[in-house]
Amino acid sequence: MKQIVCLHSLTPEQTRLIEQAAPGYKLTVVKSTDADPALVNEAEILVGWSRQIADQVLNQDSQLKWLQTWSAGVDTLPLDKLEQKGVLLTNSSGVHAIPISETILGMMLSFSRQLHVSVRNQLKHSWETNLAAPGRDTLSELHGRTAVIVGVGEIGSETARLAKAFGMRTVGVRRSGKADPHVDEMFTMDGLHKALSQGDYIISVLPLTDETHHLLNADAWAAAKPGACFINAGRGPTVDTASLLEALRSGQISCAGLDVFEKEPLPEDHPLWDMEQVIITPHVSGSTDRYTERVIDIFVENLKAYVQGKELPRNLVNYERAY
């Protein structure tokens, strides 16, 4: 019988949904550390990824035809080898739109209302009412400000929708330049610096590709609106960290909310830890108690098409673009 191997825990209901969608397949749920190499080798469909099973998945006898990742980003996968093997690759894009956009808005609100400063003062038992942000005499508001979202996809669109609910103007940057209903003005990547010049808040949700590596660099910060706040919930290596540090020290970038970094975990002695104007979260903006539910919804929709020999309708990765 054809095999589906899932490397992540499922509820009985999620198991039932998969089995109903593919009656001719046997579903095995197993941790990658416990997976029998022979089972992995026989899997036609794999849900999840681990370096521990890479050899079984990529060898010439492997039966793998489709890999559904548990993440939206695929930059850590052996894309060349998967492409050479002719494996269909789908990611979990769309799973993260709600938790990441809410994290972004949380950071924006924190910087606008200086909530992070009050939390730090609370730990010191300090009743401090002077919470003005750098370059401002009083606390601020999101209302009327401009959010520039770099890398508008599902996450960027949802972030723009939330920003509009707070009365913000939204500017987007995306490779295609295609309009989005929640974005007031859209630029292609060629217009990045023009877009950055408008942003009170610059939000990156970029994937990591050859094109986006260190895209946010000294030239980008120089083009940014002076005193802009930067938030990165995309990929760490899209930012040249050394230039970001310099921009933060000079005040060209007034504050930064960072969930991702060039090197993870962020080294204990890194200067970002000690910067009062920086909020750090440990690459958890996409985490949510609804995660597995949403991945399985995507997978089951694709699975129904797959068993009927149809094109997968959701999240098929373009190997050339790496997303």
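An open sheet of 5 strands has the order 2-1-3-4-5, with parallel pairing; two strands count as paired if DSSP finds at least two bridges between them. Helices (H or I, at least four residues) and strands (E, at least two) are DSSP runs numbered from the N terminus. The model is predicted: local features need pLDDT of at least 70, side-chain atom pairs count only at pLDDT 80 or more, and totals for chains, interfaces and linings use all residues. Residues are numbered from 1 along each chain as its sequence is written, and side-chain values use heavy atoms, with hydrogens and water left out.

- Strand 2 and strand 5 (88–90) are the edge strands, each pairing on one side only.
- Neighbouring strands of the sheet are turned by 15 degrees against each other on average, direction ignored; axes are lines fitted to C-alpha atoms, for helices over the stretch in contact, and angles run from 0 to 180 degrees between N-to-C directions.
- Helix 11 (residues 291–307) packs on the sheet and touches strand 1, strand 2, strand 3 (43–47), strand 4 and strand 5, its direction making about 165 degrees with that of strand 4.
- Strand 1 (residues 2–6) and strand 2 (residues 25–29) run parallel and are joined by 5 bridges; Lys-2 has Tyr-25 in strand 2 as its bridge partner.
- Strand 4 (residues 66–68) pairs with strand 5 in the parallel sense over 3 bridges, and the bridge partner of Gln-68 in strand 5 is Thr-90.

**Nonpolar cores**

- A nonpolar core is a set of buried Ala, Val, Leu, Ile, Met, Phe, Trp, Tyr and Cys residues joined through side-chain atoms within 4.5 Å, where buried means under 20% relative accessible area (1.4 Å probe, protein chains only).
- The largest such core has 31 residues, of which Phe-230, Ile-253 and Leu-272 touch the most other members.
- Helix 10 gives the most to this core, with 4 residues.
- Leaving aside neighbours within four places in sequence, Ile-253 is in contact (heavy atoms within 4.5 Å) with residues including Trp-221, Phe-230 and Leu-248.
- A second, separate core of 26 residues includes Ile-100, Ile-155, Val-183 and Cys-255.

**Ser-254**

- Ser-254 lies in strand 11 (residues 253–258) and is buried, with a relative accessible area of 10%.
- The side chain of Ser-254 reaches the backbone oxygen of Gly-227 at 2.8 Å.
- Ser-254 and Phe-187 are 67 residues apart in sequence and 24 Å apart in space, C-alpha to C-alpha.

Conventions:
Buried < 20%, exposed > 50% of the residue type's maximum accessible area, 1.4 Å probe, protein only. Polar contact = N/O pair within 3.5 Å; in protein donor to acceptor, adjacent residues only side chain to side chain.
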